[in-house]
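The entries below are in the order I looked things up.

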Amino acid sequence: MKIAFFTETYLPNIDGVVTSLLSAKSEFEKKGHKLVILTAGDRRRSEKQKDTTVYYFKSLPFPPYPSYKFALFPQKEAEGILKRFNPDVIHTHGMGPMGMIALLIAKKLGKKVVGTMHTNIQEATHYISRFKIVQRVAKKVAWDYLRWYFNQCDAVITPSNYMLRECVKHGIRRVYVIPNGINLNYFKPGKRTLWKDKTVALYVGRIVKEKNLDVLIKASRIIQKKVPNILFVIVGAGPAEEYYKNMVKKNKVEKLFVFISGVQPDGVLTFYQNADMFVFPSVFETQGLSGIEALACGLPVAGADYLAIPEFVKNGKTGYLFSPKNINECANAVVKTINNKNKMKNKAIEFSKRYELEKTTDKLIRLYTSVIAQ
């Protein structure tokens, strides 16, 4: 089968969408399928890189988040690439300019389109305005656009049951749940080599305000009173890095936090294997891929009881939930997770098997086959 991915984000960006695309690409190619990726970015990467299956299109940065880009007029060149490649199906992983081009080209070339709703753009209205009334209007406009966009697809994928319910509630049709998979041969417990004298609470992901790290920083003193050797390791990068580093200083907890940026996808495993538990206060997850990777490595998760996180954080089994804005609840969930980490380790690993990459890829292939046959 020939598959064309359209995406607004790809390497060198590191986020849940990119991680899922890299995993899917690897698994598809292992199974003998052919795949191309068309994305916004620096065109010079297309010329320099060895991977001839990835095409970058001239783009401008999105001002609130400069590492994310909007492609400029990519239709003619993208259409030429797809005419030569002749895909069986087009799979769009974003609803920005690259996503729009995916719909236009699919219609022109008579190709079937599958769309995945990876991101809660309707929950990111703070990038538009700090005023609540503007955010409420923007959220409605966002859902109107998402409904219009995804209802032009022949099938829509969401990575969680939470997102399925939200899509149906807002009038999006032909929706299927297929989680983003993880490679369980890669994500697994390993030998501890770092911070051996510390109890490490780990966060891995983008450093943005919607990840709600404020509550963890404010809860850190409370946690330290019960876990004196606690160390919070924050792995990731993003526009809110300085904001959170300044908050750590303001709360005088610099000695409790380590920020590590610039970690590539093949380097993140080291941090999972050197932690005792994972903290996931995010209020933005359609799935929460890094939390599931943590489970696979034997780390129970203290997570926000919000959106998709409760689908894999089960109280007393794979971790503990807390109200996303409640500092005391966050502290209690982290402490309970640490105190019960050994008895939850095997349950965490077992639960992660639901997201095994080969299984999720097979589901994708079956959906593609069904859509093509319609």
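**Ground rules.** I am working with a predicted model, where local features need pLDDT of at least 70, side-chain atom pairs count only at pLDDT 80 or more, and totals for chains, interfaces and linings use all residues. Residues are numbered from 1 along each chain as its sequence is written, and side-chain values use heavy atoms, with hydrogens and water left out.

**Helix pair.** I started with helix α7 (residues 213-226) and helix α8 (residues 241-250). Helices here are DSSP runs of H or I with at least four residues, strands are E runs of at least two, and both are numbered from the N terminus. Two packed helices are described by the angle between their axes and the distance between the axes. The axes of α7 and α8 come within 10 Å and cross at roughly 15°. I took axes as lines fitted to C-alpha atoms, for helices over the stretch in contact, with angles from 0 to 180 degrees between N-to-C directions. α7 and α8 are therefore roughly parallel to each other. The cut-offs are under 35 degrees for roughly parallel, over 145 for roughly antiparallel and 65 to 115 for roughly perpendicular, with the rest oblique.

I then listed the contacts, meaning heavy atoms within 4.5 Å. L213, D214 and I217 in α7 meet Y243, Y244, M247 and V248 in α8. By class, this contact has six nonpolar, no polar and one charged residues. Ala, Val, Leu, Ile, Met, Phe, Trp, Tyr, Cys and Pro count as nonpolar, Asp, Glu, Lys and Arg as charged, and the others, Gly among them, as polar.

**Cores.** Next I looked up the nonpolar cores, which are sets of buried Ala, Val, Leu, Ile, Met, Phe, Trp, Tyr and Cys residues joined through side-chain atoms within 4.5 Å. Buried means under 20% relative accessible area, exposed over 50%, and partly exposed in between (1.4 Å probe, protein chains only). The largest core has 66 residues, and L202, I223, F257, Y272 and F312 have the most contacts inside it. Not counting residues up to four places away in sequence, F257 touches L216, I217, S220, L231, F232, I234 and V248. Another core lies apart, with 34 residues, among them A4, L82, M98 and V113.

**Buried residues.** I checked F6, which sits in strand β1 (residues 2-7). F6 counts as buried because its relative accessibility is 0%. Its contacts beyond four places in sequence include L38, L82, M98 and I105. F6 and T39 are 33 residues apart in sequence, yet 5.9 Å apart in space, C-alpha to C-alpha.

T337 is in helix α11 (residues 327-339). T337 is also at 0% relative accessibility, so it counts as buried. Among its partners beyond four places in sequence are M277, P300, Y320 and M344.

**Loops and backbone.** Which bond joins L11 and P12? I found a cis peptide bond, with omega about 15°. P12 is in the loop between β1 and α1 (16-30).

R174 is not a glycine, but its phi is positive, near 55°. R174 lies in the loop between α6 (161-169) and β9 (175-177), and it counts as partly exposed at 34% relative accessibility. L307 has a positive phi of about 55° and is not a glycine either. L307 is in the loop between β14 (301-304) and β15 (319-322), and is buried at 15% relative accessible area.
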